[in-house]
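Let's walk through this model together, one chain at a time, and then look at how the pieces pack. Keep the viewer open as you read.

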Amino acid sequence: MADAAAGDSKAFGILTRRHLRRSIALAQRVSGNASDAEEIVQDAFLQIWANADRWRGDGTRFTTWLYRIVVNRSIDYRRRRTFAPLDAADEIADPAWSAETLVDGRKIGAEVDAAIAALPERQRAALSLCYHEEMTCAEASEVLQVSVSAMESLLVRARRVVRARLQPLIRQKDGARP
Amino acid sequence: MTLKEFTRYASLHGANLDRWPVKITLAARDLLDRSQEARDVLADAALTDELLDQAAVPNVSADREQRVFDRIAARIAEQTVPESVPWFVAKSPIRIAPTAGFLAMMGFLGFLSYTQGLLPMPSSTPSHDMSGVMIVSYLGEIR
(Lines give C-alpha, C1' and ligand atoms only; values in the text may rest on other atoms or scores of the structure.)
Protein backbone atom coordinates (compact mmCIF):
# COMPACT_ATOMS: atom_id res chain seq x y z
CA MET A 1 0.00 0.00 0.00
CA ALA A 2 2.90 2.32 0.71
CA ASP A 3 4.06 1.90 -2.92
CA ALA A 4 0.54 2.47 -4.21
CA ALA A 5 0.30 5.59 -2.04
CA ALA A 6 3.44 6.83 -3.75
CA GLY A 7 1.65 6.57 -7.10
CA ASP A 8 2.94 3.17 -8.21
CA SER A 9 0.11 1.86 -10.39
CA LYS A 10 1.71 -1.59 -10.65
CA ALA A 11 1.71 -1.96 -6.86
CA PHE A 12 -1.88 -0.76 -6.79
CA GLY A 13 -2.76 -3.41 -9.37
CA ILE A 14 -1.35 -6.13 -7.13
CA LEU A 15 -3.25 -4.71 -4.16
CA THR A 16 -6.46 -4.58 -6.18
CA ARG A 17 -6.14 -8.19 -7.33
CA ARG A 18 -5.54 -9.33 -3.76
CA HIS A 19 -8.74 -7.79 -2.40
CA LEU A 20 -11.05 -7.72 -5.40
CA ARG A 21 -12.91 -10.99 -4.95
CA ARG A 22 -13.83 -10.45 -1.31
CA SER A 23 -14.78 -6.86 -1.98
CA ILE A 24 -17.19 -7.85 -4.74
CA ALA A 25 -18.72 -10.55 -2.52
CA LEU A 26 -19.14 -8.09 0.35
CA ALA A 27 -20.64 -5.43 -1.90
CA GLN A 28 -23.06 -7.95 -3.35
CA ARG A 29 -24.16 -9.14 0.07
CA VAL A 30 -24.77 -5.62 1.37
CA SER A 31 -26.21 -4.09 -1.81
CA GLY A 32 -28.07 -7.23 -2.84
CA ASN A 33 -27.32 -6.70 -6.51
CA ALA A 34 -24.55 -8.24 -8.63
CA SER A 35 -24.14 -5.49 -11.20
CA ASP A 36 -24.26 -2.79 -8.52
CA ALA A 37 -21.57 -4.71 -6.65
CA GLU A 38 -19.19 -4.42 -9.59
CA GLU A 39 -19.74 -0.67 -9.87
CA ILE A 40 -19.41 -0.22 -6.13
CA VAL A 41 -16.08 -2.03 -6.01
CA GLN A 42 -14.80 -0.24 -9.10
CA ASP A 43 -15.67 3.14 -7.56
CA ALA A 44 -14.18 2.12 -4.21
CA PHE A 45 -10.81 1.18 -5.70
CA LEU A 46 -10.73 4.33 -7.82
CA GLN A 47 -11.48 6.39 -4.73
CA ILE A 48 -8.64 4.69 -2.91
CA TRP A 49 -6.29 5.31 -5.84
CA ALA A 50 -7.30 8.98 -5.97
CA ASN A 51 -6.71 9.38 -2.23
CA ALA A 52 -3.82 6.95 -1.87
CA ASP A 53 -1.45 9.74 -0.84
CA ARG A 54 -3.57 10.26 2.27
CA TRP A 55 -2.79 6.74 3.44
CA ARG A 56 -0.80 7.02 6.62
CA GLY A 57 -0.49 3.37 7.58
CA ASP A 58 -0.68 4.36 11.24
CA GLY A 59 -2.10 1.09 12.46
CA THR A 60 -5.27 1.22 10.39
CA ARG A 61 -5.52 -1.85 8.21
CA PHE A 62 -5.98 -1.36 4.50
CA THR A 63 -8.94 -3.75 4.49
CA THR A 64 -10.69 -1.66 7.12
CA TRP A 65 -10.40 1.39 4.87
CA LEU A 66 -11.43 -0.55 1.77
CA TYR A 67 -14.40 -2.32 3.38
CA ARG A 68 -15.58 0.93 4.94
CA ILE A 69 -15.81 2.50 1.49
CA VAL A 70 -17.39 -0.62 0.01
CA VAL A 71 -20.01 -0.91 2.76
CA ASN A 72 -20.90 2.78 2.70
CA ARG A 73 -21.26 2.77 -1.07
CA SER A 74 -23.28 -0.44 -0.96
CA ILE A 75 -25.67 1.14 1.53
CA ASP A 76 -26.02 4.16 -0.77
CA TYR A 77 -26.79 1.93 -3.74
CA ARG A 78 -29.19 -0.08 -1.66
CA ARG A 79 -31.14 3.01 -0.68
CA ARG A 80 -31.81 3.67 -4.34
CA ARG A 81 -33.46 0.28 -4.58
CA THR A 82 -35.59 0.36 -1.46
CA PHE A 83 -38.53 -1.36 -3.14
CA ALA A 84 -36.73 -4.65 -3.76
CA PRO A 85 -36.36 -6.05 -0.21
CA LEU A 86 -39.95 -5.16 0.68
CA ASP A 87 -41.20 -7.18 -2.27
CA ALA A 88 -39.07 -10.09 -1.17
CA ALA A 89 -40.09 -9.77 2.49
CA ASP A 90 -43.73 -10.44 1.71
CA GLU A 91 -42.92 -14.04 0.90
CA ILE A 92 -40.93 -14.83 4.02
CA ALA A 93 -43.36 -15.67 6.78
CA ASP A 94 -45.69 -17.90 4.86
CA PRO A 95 -46.71 -20.72 7.23
CA ALA A 96 -48.40 -22.68 4.48
CA TRP A 97 -45.25 -24.18 3.00
CA SER A 98 -45.45 -27.83 2.23
CA ALA A 99 -42.81 -30.25 3.46
CA GLU A 100 -41.74 -30.83 -0.13
CA THR A 101 -41.08 -27.14 -0.57
CA LEU A 102 -39.07 -26.96 2.62
CA VAL A 103 -36.96 -29.89 1.58
CA ASP A 104 -35.93 -27.96 -1.47
CA GLY A 105 -32.62 -26.39 -0.44
CA ARG A 106 -32.82 -23.73 -3.07
CA LYS A 107 -36.13 -22.54 -1.74
CA ILE A 108 -34.72 -22.38 1.78
CA GLY A 109 -31.70 -20.50 0.50
CA ALA A 110 -33.95 -18.02 -1.25
CA GLU A 111 -35.95 -17.51 1.94
CA VAL A 112 -32.80 -16.94 3.94
CA ASP A 113 -31.57 -14.47 1.34
CA ALA A 114 -34.88 -12.64 1.49
CA ALA A 115 -34.76 -12.54 5.29
CA ILE A 116 -31.24 -11.10 5.21
CA ALA A 117 -32.19 -8.67 2.46
CA ALA A 118 -35.09 -7.38 4.57
CA LEU A 119 -32.77 -6.46 7.45
CA PRO A 120 -32.00 -2.79 8.10
CA GLU A 121 -28.86 -1.88 6.21
CA ARG A 122 -26.45 -1.65 9.14
CA GLN A 123 -27.64 -4.94 10.60
CA ARG A 124 -27.17 -6.57 7.21
CA ALA A 125 -23.69 -5.08 6.93
CA ALA A 126 -22.86 -6.30 10.45
CA LEU A 127 -24.02 -9.81 9.60
CA SER A 128 -22.06 -9.83 6.33
CA LEU A 129 -18.87 -8.64 7.97
CA CYS A 130 -18.96 -10.83 11.07
CA TYR A 131 -20.64 -13.94 9.79
CA HIS A 132 -19.76 -14.20 6.12
CA GLU A 133 -16.46 -12.32 6.08
CA GLU A 134 -15.55 -13.82 9.46
CA MET A 135 -14.30 -10.56 10.90
CA THR A 136 -14.21 -10.06 14.65
CA CYS A 137 -16.64 -7.61 16.20
CA ALA A 138 -13.75 -5.21 16.85
CA GLU A 139 -12.65 -5.27 13.20
CA ALA A 140 -16.20 -4.92 11.91
CA SER A 141 -16.87 -2.05 14.32
CA GLU A 142 -13.96 -0.14 12.73
CA VAL A 143 -15.42 -0.70 9.29
CA LEU A 144 -18.86 0.55 10.32
CA GLN A 145 -17.31 3.24 12.53
CA VAL A 146 -19.29 2.27 15.62
CA SER A 147 -18.24 1.11 19.08
CA VAL A 148 -17.69 -2.60 19.69
CA SER A 149 -20.75 -2.76 21.93
CA ALA A 150 -22.89 -1.07 19.25
CA MET A 151 -21.53 -3.58 16.76
CA GLU A 152 -22.48 -6.45 19.05
CA SER A 153 -25.99 -5.06 19.40
CA LEU A 154 -26.34 -4.80 15.62
CA LEU A 155 -25.20 -8.38 15.21
CA VAL A 156 -27.45 -9.77 17.94
CA ARG A 157 -30.45 -7.93 16.52
CA ALA A 158 -29.65 -9.08 13.00
CA ARG A 159 -29.51 -12.73 14.03
CA ARG A 160 -32.67 -12.34 16.11
CA VAL A 161 -34.62 -10.74 13.26
CA VAL A 162 -33.46 -13.33 10.71
CA ARG A 163 -34.37 -16.07 13.12
CA ALA A 164 -37.82 -14.62 13.78
CA ARG A 165 -38.50 -14.32 10.06
CA LEU A 166 -37.41 -17.88 9.43
CA GLN A 167 -39.28 -19.30 12.42
CA PRO A 168 -41.55 -21.46 10.21
CA LEU A 169 -38.48 -23.05 8.65
CA ILE A 170 -36.89 -23.65 12.03
CA ARG A 171 -40.06 -25.23 13.38
CA GLN A 172 -40.19 -27.43 10.35
CA LYS A 173 -36.57 -28.43 10.77
CA ASP A 174 -37.10 -29.15 14.48
CA GLY A 175 -40.10 -31.30 13.62
CA ALA A 176 -38.17 -33.20 10.97
CA ARG A 177 -35.45 -34.18 13.42
CA PRO A 178 -35.78 -37.52 15.12
CA MET B 1 -20.22 -18.02 33.31
CA THR B 2 -23.94 -17.51 33.84
CA LEU B 3 -26.60 -18.82 31.49
CA LYS B 4 -27.50 -15.23 30.63
CA GLU B 5 -23.93 -14.51 29.51
CA PHE B 6 -23.83 -17.78 27.62
CA THR B 7 -27.06 -16.89 25.79
CA ARG B 8 -25.69 -13.48 24.91
CA TYR B 9 -22.52 -15.00 23.39
CA ALA B 10 -24.54 -17.61 21.51
CA SER B 11 -26.81 -15.00 20.00
CA LEU B 12 -23.76 -12.91 19.09
CA HIS B 13 -21.28 -15.46 17.74
CA GLY B 14 -23.47 -18.45 16.95
CA ALA B 15 -23.04 -22.05 17.96
CA ASN B 16 -19.45 -22.54 16.85
CA LEU B 17 -17.40 -22.07 20.01
CA ASP B 18 -14.27 -21.53 17.91
CA ARG B 19 -15.71 -18.17 16.93
CA TRP B 20 -16.25 -17.12 20.53
CA PRO B 21 -13.57 -15.06 22.31
CA VAL B 22 -10.82 -17.45 23.37
CA LYS B 23 -10.76 -16.29 26.98
CA ILE B 24 -14.36 -17.40 27.65
CA THR B 25 -14.40 -20.64 25.67
CA LEU B 26 -13.28 -22.74 28.62
CA ALA B 27 -16.00 -21.34 30.88
CA ALA B 28 -18.56 -21.87 28.13
CA ARG B 29 -17.56 -25.52 27.70
CA ASP B 30 -17.74 -25.99 31.45
CA LEU B 31 -21.28 -24.58 31.52
CA LEU B 32 -22.26 -26.77 28.59
CA ASP B 33 -21.18 -29.85 30.51
CA ARG B 34 -23.28 -28.86 33.52
CA SER B 35 -26.38 -27.22 32.05
CA GLN B 36 -29.07 -28.69 29.84
CA GLU B 37 -30.42 -25.17 29.26
CA ALA B 38 -27.04 -24.09 27.91
CA ARG B 39 -27.05 -27.03 25.54
CA ASP B 40 -30.56 -26.05 24.37
CA VAL B 41 -29.41 -22.47 23.78
CA LEU B 42 -26.46 -23.71 21.75
CA ALA B 43 -28.65 -26.07 19.70
CA ASP B 44 -30.97 -23.17 19.02
CA ALA B 45 -28.08 -21.01 17.84
CA ALA B 46 -26.89 -23.89 15.66
CA LEU B 47 -30.23 -23.87 13.84
CA THR B 48 -29.85 -20.19 13.04
CA ASP B 49 -26.29 -20.81 11.87
CA GLU B 50 -27.47 -23.63 9.68
CA LEU B 51 -29.99 -21.37 8.01
CA LEU B 52 -27.48 -18.53 7.59
CA ASP B 53 -25.12 -21.01 5.93
CA GLN B 54 -27.76 -21.59 3.29
CA ALA B 55 -27.71 -17.97 2.18
CA ALA B 56 -26.50 -17.71 -1.38
CA VAL B 57 -22.77 -17.25 -1.73
CA PRO B 58 -22.09 -14.46 -4.24
CA ASN B 59 -20.62 -16.04 -7.34
CA VAL B 60 -17.43 -14.12 -8.06
CA SER B 61 -15.98 -15.97 -11.02
CA ALA B 62 -12.48 -15.36 -12.37
CA ASP B 63 -14.02 -13.76 -15.47
CA ARG B 64 -16.07 -11.39 -13.39
CA GLU B 65 -13.09 -10.51 -11.24
CA GLN B 66 -10.98 -9.86 -14.35
CA ARG B 67 -13.71 -7.70 -15.88
CA VAL B 68 -13.86 -5.45 -12.83
CA PHE B 69 -10.07 -5.34 -12.64
CA ASP B 70 -9.82 -4.32 -16.30
CA ARG B 71 -12.34 -1.54 -15.79
CA ILE B 72 -10.42 -0.19 -12.81
CA ALA B 73 -7.12 -0.37 -14.71
CA ALA B 74 -8.64 1.40 -17.72
CA ARG B 75 -10.01 4.21 -15.57
CA ILE B 76 -6.67 4.65 -13.84
CA ALA B 77 -4.86 4.70 -17.21
CA GLU B 78 -7.24 7.44 -18.38
CA GLN B 79 -6.44 9.54 -15.34
CA THR B 80 -2.68 9.04 -15.47
CA VAL B 81 -0.70 11.84 -17.11
CA PRO B 82 2.33 10.53 -19.06
CA GLU B 83 5.60 11.56 -17.46
CA SER B 84 7.33 12.56 -20.71
CA VAL B 85 6.08 13.21 -24.20
CA PRO B 86 8.41 13.04 -27.24
CA TRP B 87 9.29 16.50 -28.62
CA PHE B 88 7.75 15.72 -32.01
CA VAL B 89 4.40 14.93 -30.37
CA ALA B 90 4.30 17.69 -27.80
CA LYS B 91 3.06 21.16 -28.59
CA SER B 92 5.23 23.89 -27.15
CA PRO B 93 3.32 26.21 -24.84
CA ILE B 94 4.34 29.27 -26.99
CA ARG B 95 4.37 28.80 -30.75
CA ILE B 96 7.14 30.90 -32.21
CA ALA B 97 5.78 31.94 -35.64
CA PRO B 98 2.41 33.41 -34.53
CA THR B 99 3.97 35.11 -31.53
CA ALA B 100 6.74 36.72 -33.61
CA GLY B 101 4.23 37.85 -36.24
CA PHE B 102 2.01 39.44 -33.62
CA LEU B 103 4.91 41.28 -31.99
CA ALA B 104 6.16 42.52 -35.41
CA MET B 105 2.70 43.80 -36.32
CA MET B 106 2.35 45.64 -33.01
CA GLY B 107 5.76 47.21 -33.46
CA PHE B 108 4.94 48.34 -36.99
CA LEU B 109 1.64 49.88 -35.90
CA GLY B 110 3.39 51.68 -33.08
CA PHE B 111 5.99 53.07 -35.49
CA LEU B 112 3.27 54.25 -37.89
CA SER B 113 1.32 55.91 -35.11
CA TYR B 114 4.40 57.79 -33.97
CA THR B 115 5.60 58.92 -37.40
CA GLN B 116 2.17 59.87 -38.74
CA GLY B 117 1.12 61.70 -35.57
CA LEU B 118 -1.95 59.59 -35.07
CA LEU B 119 -1.50 59.56 -31.33
CA PRO B 120 -0.85 62.67 -29.17
CA MET B 121 2.69 62.32 -27.83
CA PRO B 122 3.98 64.22 -24.74
CA SER B 123 6.36 67.10 -25.45
CA SER B 124 10.02 66.32 -24.99
CA THR B 125 10.88 69.88 -23.69
CA PRO B 126 10.98 70.04 -19.90
CA SER B 127 8.40 72.18 -18.15
CA HIS B 128 9.63 74.55 -15.41
CA ASP B 129 6.22 75.20 -13.90
CA MET B 130 6.49 73.67 -10.43
CA SER B 131 3.29 75.16 -9.04
CA GLY B 132 1.56 71.84 -8.88
CA VAL B 133 4.47 69.97 -7.30
CA MET B 134 4.31 69.12 -3.67
CA ILE B 135 7.24 67.45 -2.04
CA VAL B 136 6.56 65.16 0.82
CA SER B 137 9.51 64.25 3.00
CA TYR B 138 10.00 60.80 4.31
CA LEU B 139 8.84 62.06 7.69
CA GLY B 140 5.52 63.10 6.23
CA GLU B 141 6.03 66.90 6.52
CA ILE B 142 4.87 69.09 3.66
CA ARG B 143 7.53 71.49 2.45
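Of the 143 residues in chain B, 12% are buried, where buried stands for 20 or more other C-beta atoms within 10 Å of the residue's own, exposed for 12 or fewer, and partly exposed for anything in between, with C-beta atoms placed from the backbone. Bear in mind that this is a predicted model, in which local features need pLDDT of at least 70 and side-chain atom pairs count only at pLDDT 80 or more, while totals for chains, interfaces and linings use all residues. Residues are numbered from 1 along each chain as its sequence is written, and chains are lettered from A and ligands numbered from 1 in the order in which they are written.

Chain B has five helices and zero strands, in the order α-α-α-α-α along the sequence. Among the contacts in chain B with a separation of 6 or more, 51% join residues 24 or more positions apart; a contact here means that the C-beta atoms of two residues, placed from the backbone, lie within 7 Å.

Have a look at helix α5 of chain B, residues 96–116. Its 21 residues reach 30 Å from the first C-alpha to the last, close to the 30 Å expected at 1.5 Å a residue; the expected span is 1.5 Å times one less than the number of residues. How many of the 21 residues of α5(B) are buried? The count is zero, so this helix is hardly covered. Just after α5(B) comes Gly117(B), with a positive phi of about 65°.

Now for the place where the two chains meet. The contact takes 34 residues from chain A and 20 residues from chain B. On the chain B side, the elements giving two or more residues are α1 (3–13), α3 (36–53) and α4 (62–79). Of these, α4(B) provides the largest share, eight residues. By type, the chain B side divides into 13 nonpolar, four polar and three charged residues. In this scheme Ala, Val, Leu, Ile, Met, Phe, Trp, Tyr, Cys and Pro count as nonpolar, Asp, Glu, Lys and Arg as charged, and the others, Gly among them, as polar.

Turning to chain A, you will find eleven helices and zero strands. Buried residues make up 38% of its 178 residues, and residues 24 or more positions apart account for 67% of its contacts with a separation of 6 or more.

Ala37(A) sits in helix α3, residues 34–50 of chain A. Is Ala37(A) buried or exposed? Ala37(A) has 27 other C-beta atoms within 10 Å and therefore counts as buried. Beyond its neighbours within four places in sequence, Ala37(A) touches Ile24(A), Ala27(A), Gln28(A) and Ser31(A). Its C-alpha atom is 8.5 Å from that of Ser23(A), which is 14 residues away along the chain.

Next, follow helix α9 of chain A, residues 137–144, to its crossing with helix α4, residues 62–80. Their axes come within 8 Å and cross at roughly 55°; axes are lines fitted to C-alpha atoms, for helices over the stretch in contact, and angles run from 0 to 180 degrees between N-to-C directions. The two helices are therefore oblique to each other. Angles under 35 degrees count as roughly parallel, over 145 as roughly antiparallel, 65 to 115 as roughly perpendicular and the rest as oblique. Thr64(A), Tyr67(A), Arg68(A) and Val71(A) of α4(A) make this contact with Glu139(A), Glu142(A), Val143(A) and Leu144(A) of α9(A). These residues divide into four nonpolar, one polar and three charged.

Helix α9(A) also packs against α10(A), residues 148–165, where the axes come within 9 Å and cross at roughly 100°. That makes α9(A) roughly perpendicular to α10(A). Here Cys137(A), Ala138(A), Ala140(A), Ser141(A) and Leu144(A) of α9(A) meet Val148(A), Met151(A), Glu152(A) and Leu155(A) of α10(A). This contact divides into seven nonpolar residues, one polar and one charged.

Glu134(A) is in the loop between α8 (121–132) and α9 of chain A, and has a positive phi of about 55° although it is not a glycine. Glu134(A) is exposed, with 10 other C-beta atoms within 10 Å. In the loop between α9 and α10 of chain A lies Gln145(A), another residue other than glycine with a positive phi, near 55°. With 12 C-beta neighbours inside 10 Å, Gln145(A) counts as exposed.

Definitions and conventions. Helices (H or I, at least four residues) and strands (E, at least two) are DSSP runs, numbered from the N terminus.
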